[in-house]
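Hi there,

Here is the structure I promised to pass on. Have a look at it first, and then read my notes below.

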Amino acid sequence: MVFQQLPLILCLLSITKLAYGQSAGIVQLQPSEKAHFEVIFAQCCQNPSSCTRWRNTTGSTGSSNESVANLCALAGNVCNAEGFLQVLDASDLDMSCSFPVAEISQFTTLQFLNISNNENLTGSLDKLNTQYICFMAQNSLIELDMSFTGVDGSVPECLLANSELKTLALSNTLLSSLPDVFTTNSKLESLDLSNTALTGLLPASLSFASNLKLLNLRDNNLDGQIPEFSQKSIEFVDLSGNNLIGGVPHSLAAHPSLLSLDARDNQLTSLPIEWTASVYDISDQAPFPLEQILLSGNDLQDRFPIGLAAFPALKTLNLANNSLTGEIPSAQNNTSWFPSLQVLDISNNMFAGSEPAWISQVNDSDVTGNRFGTPVPPEENSPPTKPPSPPRPSSAGGGAAPSEISSDSESAEDNGLSGGAIAGIVIASLVLASVIAGGTFMYIRRRQDRNIHGTFDKFVEM
């Protein structure tokens with residue numbers, strides 16, 4: 001049996017040796033790239049306690065003049081058949097230097113660079129030979145991980161737009177600015193800038209990053225509103241621990257790919273109307289994959305998002321420590337609400353009325369700190385309105401759009417006016433508007449030639 005499997009075993013061993021460069025004499029680092037590696041070693045590994053992984057492999061005594069390791073032979077690195085570096089793992093080396101980007105950029109076939117967990121690796125990314133890092137990002141580099149380093153400054157624009165990068169991890173650094181330069185040409189799939197020093201507005205152009213799947217900007221000092229996410233690709237969004245205001249954008253309410261939304265500990269005040277107005281028929285499951293919603297620690301002044309009851313994959317819903325009000329609806333006609341919900345935290349809100357029976361079926365629920373068992377105040381009893389229809393272009397002549405007329409008519413009918421009365425009011429209004437418009441036009445016409453130049457001069461001055 002063993003001999004029958006021997007060809008497969010030998011094949012796997014050959015692949016492993018090729019991938020990690022562990023077969024002595026087969027793949028050696030190109031001399032030109034070795035020279036650049038020796039410079040990096042001399043600059044960043046002067047401390048005898050640093051770069052121990054490289055030192056143990058080379059058997060050096062700490063002198064930077066000694067020959068260094070064959071990078072192709074180190075676990076975690078990958079060279080191609082010609083000895084050119086494609087994957088460089090320089091993480092956890094305790095490197096102490098300014099980011100040696102000029103030397104690293106000479107590894108012309110490098111696709112993956114991991115230099116994370118080097119706290120004494122410093123430098124301003126936007127001022128430190130930016131042309132080198134841009135050269136790598138616009139040519140071969142696919143993944144860059146500089147998390148847990150001491151780099152600061154602004155994220156270079158070239159890493160965000162017109163770049164070959166798919167993964168950019170810069171978490172737990174001192175970076176303070178994220179440029180608003182994302183474009184539809186961006187190939188970024190994962191962007192992690194969590195726990196840095198980012199300030200300013202959350203870039204609105206994030207919605208243009210058409211391939212973005214993971215966005216992690218938690219624990220920063222970002223302001224402004226959450227932009228609409230027009231791309232279909234987004235799956236994970238973490239914006240927790242910032243200073244964001246406004247509401248959860250409508251584009252995330254019924255997103256076809258979103259799995260997790262974390263916006264805890266911000267200053268958000270509203271939920272999407274799609275969630276609170278029960279617009280989904282809860283007898284049918286909404287075809288959305290959303291599994292986790294974390295919105296605790298905001299200032300949400302809305303109702304319970306009962307529209308989520310039809311989301312078949314929702315497992316965790318955390319709305320604790322907000323100002324949510326009203327009564328939570330009860331399931332009717334034996335409808336299965338929240339079929340996958342396992343964790344529900346609505347503690348420390350202002351819900352009133354009866355506690356719905358369906359909550360007791362959730363494995364882990366916390367409803368403390370509410371007003372269950374007390375009457376719902378009258379001002380909290382009004383039913384939520386449904387989402388407005390998409391705006392339509394205004395009709396010719398400056399009249400109201402059809403949707404606006406329809407809305408006004410429905411409102412008038414609700415107040416007891418018949419269709420004929422409504423039609424009469426509309427016609428009279430249009431006639432009156434025409435008379436006024438005609439008089440205004442004649443008045444303006446007489447003054448136009450006399451005042452046009454003066455008006456334009458005043459506009460320019462403003």
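Predicted model: local features only at pLDDT ≥ 70, side-chain atom pairs only at ≥ 80, totals over all residues.

Residues are numbered from 1 along each chain as its sequence is written, and side-chain values use heavy atoms, with hydrogens and water left out.

**Disulfides**

A search of the whole structure turns up 4 disulfides (a disulfide is a pair of cysteine sulfur atoms within 2.5 Å). With the bonded cysteines numbered in sequence order, the pairing reads 1-6, 2-3, 4-5, 7-8.

One of them joins Cys-44 to Cys-97, with an S to S distance of 2.0 Å. The torsion about this S-S bond of Cys-44 and Cys-97 is about 85°, so the disulfide is right-handed. It links distant parts of the chain, since Cys-44 sits in helix 2 and Cys-97 in strand 3 (residues 97-98), 53 residues apart. Helices (H or I, at least four residues) and strands (E, at least two) are DSSP runs, numbered from the N terminus. Cys-44 has 1% relative accessibility and therefore counts as buried; Cys-97 is buried too, at 11%. For these labels, buried means under 20% relative accessible area, exposed over 50%, and partly exposed in between (1.4 Å probe, protein chains only).

Cys-45 and Cys-51 form another disulfide, with their sulfur atoms 1.9 Å apart. Here the torsion is about -70°, so the link of Cys-45 and Cys-51 is left-handed, and both cysteines are buried.

Cys-134 and Cys-158 are also bonded, with sulfur atoms 2.1 Å apart. The link of Cys-134 and Cys-158 is left-handed, with -85° about the S-S bond. Cys-134 lies in helix 5 (residues 130-137) and Cys-158 in the loop between strand 7 (149-154) and strand 8 (167-169), so the pair ties together parts that are 24 residues apart in sequence. Cys-134 is buried at 15% relative accessible area, and Cys-158 is buried at 9%.

**Helix 2**

Helix 2 (residues 31-44) has 14 residues and reaches 20 Å from its first C-alpha to its last, close to the 20 Å expected at 1.5 Å a residue; the expected span is 1.5 Å times one less than the number of residues. Which residues of helix 2 are buried? They are Glu-33, Phe-37, Ile-40, Phe-41 and Cys-44. Seen down the axis of helix 2, these buried residues fall within an arc of 100°, so they line one face of the helix. The arc is that of the directions from the helix axis to the C-beta atoms.

An open sheet of 3 strands has the order 18-20-22, with parallel pairing; two strands pair if DSSP finds at least two bridges between them. The edge strands, each pairing on one side only, are strand 18 (325-327) and strand 22 (371-372). Strand 18 is joined to strand 20 by 3 bridges, and Thr-325 stands opposite Met-350 in strand 20. Strand 20 (residues 350-353) pairs with strand 22 over 2 bridges. Across that pairing, Ala-352 stands opposite Arg-371, and Gly-353 stands opposite Phe-372.

**Aromatic pairs**

The structure holds 9 aromatic pairs. Rings of Phe, Tyr and Trp (its six-membered ring) pair if their centres lie within 6.5 Å; planes under 30 degrees apart count as stacked, over 60 as edge-to-face and the rest as tilted. The rings of Phe-288 and Phe-311 have centres 5.2 Å apart and planes at 40°, so this pair is tilted. Phe-288 is buried at 14% relative accessibility, and Phe-311 is buried at 1%. The rings of Phe-338 and Trp-358 have centres 4.8 Å apart and planes at 25°, so that pair is stacked.

**Two positive phi angles**

Most residues other than glycine have a negative phi. Asp-219, however, has phi near 55°; this residue lies in the loop between strand 12 (214-216) and strand 13 (221-223) and is partly exposed at 35%. Asp-265 likewise has a positive phi of about 55°, sits in the loop between strand 15 (260-262) and helix 6 (273-276), and is partly exposed at 48%.
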